[in-house]
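Me: I would like a close look at one loop in this model, with the rest of the fold as background. A plain account will do.

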Amino acid sequence: MRAVRIGVQLAPQRADYVDIRRAAAEVEELRADALFTWDHFFPLGKDAEGKHFEGWTALAALAEQTSRVELGGLVSCNSYRNPDLLADMARTVDHISDGRVILGVGAGFKEREFLEYGYEFPSAGRRVADLAESLPRIKKRLAALNPPPVGRMPILIAGGGEQKMLRIVAEHADIWNTFAEGDDLVRKLGLLRKYCAEIGRDPSTIEYSVHVGGDPRESGPALRELGVSLFTTSTGGPDYDLDTARQWIAWRDEQNA
């Protein structure tokens with residue numbers, strides 16, 4: 001079984017950049033395994049007009065600020081960038097960070113963001129199909145770049161569509177990220193393993209990642225039994241409360257002892 005890892009997503013919303021920078025320094029000091037931003041253009045939740053910063057440019061700055069924690073967007077919206085450009089951006093931040101980037105990507109879902117930034121908002125099926133077409137291009141561009149990524153940059157795919165998205169995960173993902181829980185998670189894991197078998201891939205080569213909150217002693221053991229190893233908490237500005245992350249990091253240390 002993989003060792004437990006803890007990710008912390010710092011939503012770049014409702015805060016000044018100085019607050020994000022402070023929180024990132026604390027995440028590194030707490031010895032979290034991964035630090036994530038996200039790829040939205042407006043805050044999520046009730047105050048959709050609050051302060052907000054773009055995730056990838058913030059990530060590049062955090063790559064300079066930190067020295068140990070892995071870094072990524074959770075996750076980049078495939079439709080917002082040419083896939084070759086996304087690969088080049090990730091490679092560049094990977095070099096800034098000395099090889100710590102996780103390349104997270106998904107199909108996107110916020111209609112307002114698409115429309116206000118001048119993108120078409122196709123159907124969910126079309127967005128997923130576009131993602132399937134983009135991933136080989138991303139991999140090809142990563143292989144062609146000079147210099148290439150520092151190491152083998154893992155690709156994280158977020159999404160839970162059972163007919164199409166999980167097949168994409170089986171083919172391309174090093175890490176699968178999901179909000180699913182309980183019986184829903186069990187079913188999706190079964191399907192993912194089935195799709196891996198169909199293409200001759202060992203499902204154990206995919207790391208399972210879930211979003212968590214609350215007391216890790218209540219939900220953590222059951223998720224571990226399902227094979228989950230990357231547990232990610234999320235917090236937003238302006239305060240960036242890291243108490244939940246502290247609990248999960250302490251639980252990680254107990255599990256990995």
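Does D239 count as buried or exposed? Please describe the loop where D239 lies, between β9 and α9, and then the setting around it.

Reply: D239 counts as exposed, because its relative accessibility is 61%; the cut-offs are under 20% relative accessible area for buried, over 50% for exposed and partly exposed in between, with a 1.4 Å probe and protein chains only. The model is predicted, so local features need pLDDT of at least 70 and side-chain atom pairs count only at pLDDT 80 or more, while totals for chains, interfaces and linings use all residues. Residues are numbered from 1 along each chain as its sequence is written, and side-chain values use heavy atoms, leaving out hydrogens and water.

The loop itself runs between β9 (228–236) and α9 (243–256). Helices (H or I, at least four residues) and strands (E, at least two) are DSSP runs numbered from the N terminus. Y240 has a positive phi of about 50° although it is not a glycine. Most residues other than glycine have a negative phi, and most peptide bonds are trans. Y240 counts as buried, because its relative accessibility is 2%. Across the sequence, D239 is 196 residues from P43, and their C-alpha atoms are 15 Å apart in space.

Such backbone features occur elsewhere in the model. N146 and P147 are joined by a cis peptide bond with omega of about 0°, and P147 is in the loop between α5 (124–144) and β6 (155–158). R31 is not a glycine but has a positive phi of about 65°; R31 sits in the loop between α1 (17–29) and β2.

Strand β2 (residues 34–37) contains T37. T37 is buried, since its relative accessible area is 3%. Setting aside neighbours within four places in sequence, T37 is in contact (heavy atoms within 4.5 Å) with residues including Q9, L10, L59 and L74.

L10, I157, W176 and F231 have the most contacts inside the largest nonpolar core, which has 61 residues. A nonpolar core is a set of buried Ala, Val, Leu, Ile, Met, Phe, Trp, Tyr and Cys residues joined through side-chain atoms within 4.5 Å. Helix α7 (residues 182–199) supplies the largest share of this core, six residues. Beyond neighbours within four places in sequence, the contacts of I157 include V105, L131, M165, H172 and W176. A second, separate core of nine residues includes V75, I102, I175 and L230.

As for the whole, the protein has nine helices and nine strands. Its radius of gyration is 17 Å, close to the 18 Å given by the globule rule for 257 residues, so the protein is as compact as a globular protein of that length. That radius is taken over C-alpha atoms, and the rule is 2.2 Å times the number of residues to the power 0.38. The C-alpha trace spans about 45 × 45 × 40 Å along its principal axes. Of the 257 residues, 51% are buried. Among contacts with a separation of 6 or more, 73% are between residues 24 or more positions apart.
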